[in-house]
Amino acid sequence: MLAKTFGSAVHGVSATIITIEVAVAQGLHFHLVGLPDSAVKESEQRVESSLKYFGYRMPRQKVVVNLAPADIRKEGSSYDLPIGLCVLQASEQIAPERNLEDYVIMGELSLDGHLRPIKGVLPIAIEARKRGFKGFVLPVENAPEAAIVNNLDVIGVETMQDAVEYFEGKKAIEPLVTDTRELFANTQNAYDADFAHVQGQENIKRAMEIAAAGGHNVIMIGPPGAGKTMLAKRLPSILPPLTLHEALETTKIHSVAGKLGSRATLIATRPFRSPHHTISDAALVGGGSFPQPGEISLSHNGVLFLDELPEFKRTALEVMRQPLEERKVSISRAKWAVEFPANFMLIASMNPCPCGYYNHPEKECVCGPGVVQRYLNKISGPLLDRIDLHVEVTPVSFDQMTANRPSESSDAIRERVIRARQIQTERFESQPGIYSNAMMPSQMVKEICAISDAGLALLKTAMERLGLSARAYDRILKVSRTIADLAGSESIEIEHLAEAIQYRSLDRENWAG
C-alpha cells in the first residue's frame with residue numbers, strides 16, 4: 001500500500017512544499033530516503049514509540065519513506081507526524097475519511113505521542129495557502145501563529161491520536177480563526193517603555209526624534225549611568241507603527257529563527273534587539289551550517305542596539321557594513337544561497353574612553369596619553385561613515401532627576417515623526433527602494449538637499465573650524481533635510497543646518513585630543 005501527504009522545508013524565510021510518501025511492501029527494514037539529516041533519520045524511533053503507545057504497530061515489513069524533491073536537504077524533527085500518519089494508512093491500520101493529500105502536516109513527536117512545537121510555521125502556512133491546500137495540521141502550540149494566515153483551516157492537535165481521530169472523522173476539531181487585522185490594531189503601539197518616564201535629556205530626545213523621522217543611524221557617547229541604554233530602549237516607541245505587511249515579514253523571520261515562543265501570534269510592534277558584545281560574526285549577521293537569521297535580521301523593521309560598541313569584535317562590526325548599505329544579508333554556500341532581509345536602524349552607544357569619564361563635567365579621566373584615541377580607533381572609519389548622528393550624552397543633574405515637570409510622551413513625538421515620514425514617502429514615491437532621507441544616495445543628496453549661499457558659507461566655516469572630515473558633508477545635509485521635514489519646511493534653513501552640524505562629534509579632529 002502507498003500513502004501520501006505533504007510537509008514543508010524552510011530555506012531563508014521561504015517555505016518549499018515537500019511530498020511525503022510511505023510504501024509498505026514485502027521485505028524487512030525501515031528506509032528513509034530523500035536527503036534527510038540526522039534528526040529526520042531518527043524519526044523512525046520516535047514514530048515507532050508513539051505508535052506503540054496508542055496501541056498501533058510499526059509494520060514488520062519493508063517500509064520506504066520518500067521525501068521529495070530528493071535534491072533538497074530535509075532538516076529537523078517536524079516530519080515525525082506526517083510520517084507516522086502515512087505509515088498507519090499504508091499499513092491499513094487506519095482508513096481516513098479526510099484525504100491526507102489535502103493537508104500540509106507537520107509536528108515533532110515525543111515518545112508518548114504528544115506533539116512538540118516546531119519552527120518556521122508562518123512561512124509554511126503562507127505557502128500552504130498559496131498552493132491551495134485545504135488545511136494545515138500542526139502542534140496546538142503553533143496554531144495561533146499559523147492562524148494569522150486566512151483562508152486555510154488551521155487544525156491544532158495535542159497528540160498523534162488526536163490527528164488520527166481527526167482524519168478518521170471520529171473527532172471534530174474546529175479550525176482556529178484569528179482576526180489578524182483586529183489583533184494587529186489592538187497591539188500596534190503596545191510598548192512598555194515611554195519617553196514620558198525620562199527626566200531631562202531633552203537634547204538626546206530631540207536627536208532620537210530626528211533619527212526616527214529620517215531613519216538615521218545613531219551613536220551615543222557618554223559616561224556610564226548617563227542613560228544611553230534607557231533612551232535607546234524607548235526609540236521603537238516613537239517610530240511609525242508597523243504596516244500589516246511589515247508585521248508579517250517580521251513575524252516570518254522570528255518564526256524561522258524559533259524566537260516566537262509557544263502560542264505566539266503576530267508581532268505588531270517594532271523589534272528591539274540588543275546582543276551582547278561577545279556575539280560571534282555568524283550570530284550577528286546570520287549563517288551557520290544550515291543558515292539561520294542573525295540579530296540584524298531579527299531587528300528587521302526595528303532597532304538593533306549595540307551597547308559598548310568598541311568592545312565588539314572588529315570582524316563582527318565589519319561584516320555589518322554591507323547589510324547596512326543593502327538592507328539585506330546574502331549567505332552563500334557551495335550548492336545554494338539564502339537571503340534574509342535586514343532593514344534596521346542601528347543605535348550604538350559607547351563610553352568616551354576605557355575609564356568612561358573623558359569630558360565628564362565632574363569626574364576626572366584617569367586614562368593615559370593616547371589611550372582615548374586608541375579606544376576610539378577600535379571603530380573603523382567605514383562603519384562610522386554609515387552613522388549619521390553622533391550624540392554626546394551628559395549625566396542628568398539631581399535637580400532634573402527630581403523635577404516634577406511632565407515629560408513629552410512617546411505618542412506626541414510619534415505624531416511628529418509620522419508627519420515627517422509622510423513627507424518623505426511623497427518625496428521618494430518615484431524612487432523604488434528609498435523610503436527615508438537616510439537611504440538617499442550621494443547623487444540624490446545634491447538635488448534634494450539644496451542649500452542657500454548663506455547655508456553653504458555656514459557649512460564651509462563649520463567644516464574648517466571644527467575640523468570635520470569630508471564624509472560628514474553628506475551626513476549633515478541628510479540630517480538637516482530631516483530636521484526641515486520635522487519643521488514642515490520645504491527648504492533647508494540656516495537653523496536646520498546649524499542643528500545638524502552639532503551631531504557630528506566624532507568627526508571633529510580635536511574631539512579626543
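In the predicted model, helix α8 (residues 202–214) packs against helix α18 (residues 410–427) at an angle of about 35 degrees, and their axes are 8 Å apart. Helices here are DSSP runs of H or I with at least four residues, strands are runs of E with at least two, and both are numbered from the N terminus. Axes are lines fitted to C-alpha atoms, for helices over the stretch in contact, and angles run from 0 to 180 degrees between N-to-C directions. Residues are numbered from 1 along each chain as its sequence is written. As the model is predicted, local features need pLDDT of at least 70 and side-chain atom pairs count only at pLDDT 80 or more, while totals for chains, interfaces and linings use all residues; side-chain values use heavy atoms, with hydrogens and water left out.

The crossing of α8 past α18 is right-handed, that is, the near helix is turned clockwise from the far one by less than a right angle. On the α8 side the contact (heavy atoms within 4.5 Å) involves E209, A212, A213 and G214, which meet I413, R416, V417, A420, R421 and Q424 of α18. By class, this contact has five nonpolar, two polar and three charged residues. Ala, Val, Leu, Ile, Met, Phe, Trp, Tyr, Cys and Pro count as nonpolar, Asp, Glu, Lys and Arg as charged, and the others, Gly among them, as polar.

Helix α18 also contributes to the largest pocket, giving four residues, the largest share of its lining. The volume of this pocket is about 870 Å³. A pocket is an open set of points on a 1 Å grid over the protein atoms alone where a 1.4 Å probe fits, with protein on both sides within 12 Å along at least five of seven lines; lining residues have an atom within 4 Å of a point. Grid points are joined across faces, edges and corners, and the volume is the space filled by probe spheres set on them. The lining holds 30 residues, with E246, N343, R421, Y435 and M439 nearest the centre. The elements that supply two or more lining residues are α10 (244–256) and α18. Twelve of the lining residues are nonpolar, twelve polar and six charged.

An open sheet of five strands runs in the order β11-β14-β17-β10-β18, with parallel pairing. Two strands pair if DSSP finds at least two bridges between them. Strands β11 (272–273) and β18 (389–392) are at the edges with a single partner strand each, so one side of each has no neighbour in the sheet. Strand β10 (residues 218–221) pairs with β18 over four parallel bridges, and M220 has V391 of β18 as its bridge partner. Helix α8 packs on this sheet, touching β10, β17 (345–350) and β18, and its direction makes about 165 degrees with that of β18.

Strands β15 (residues 328–332) and β16 (residues 337–341) pair in the antiparallel sense over five bridges. They form a hairpin with four residues between them, in which I331 stands opposite V338 of β16.

A cis peptide bond, with omega about 0 degrees, joins A68 and P69, and P69 lies in the loop between β4 (62–68) and α3 (80–90). I72 is also placed in the loop between β4 and α3; beyond its neighbours within four places in sequence, I72 contacts H11, T16, G34 and L35. N301, in the loop between α12 (295–298) and β14 (303–306), has a positive phi of about 70 degrees although it is not a glycine.
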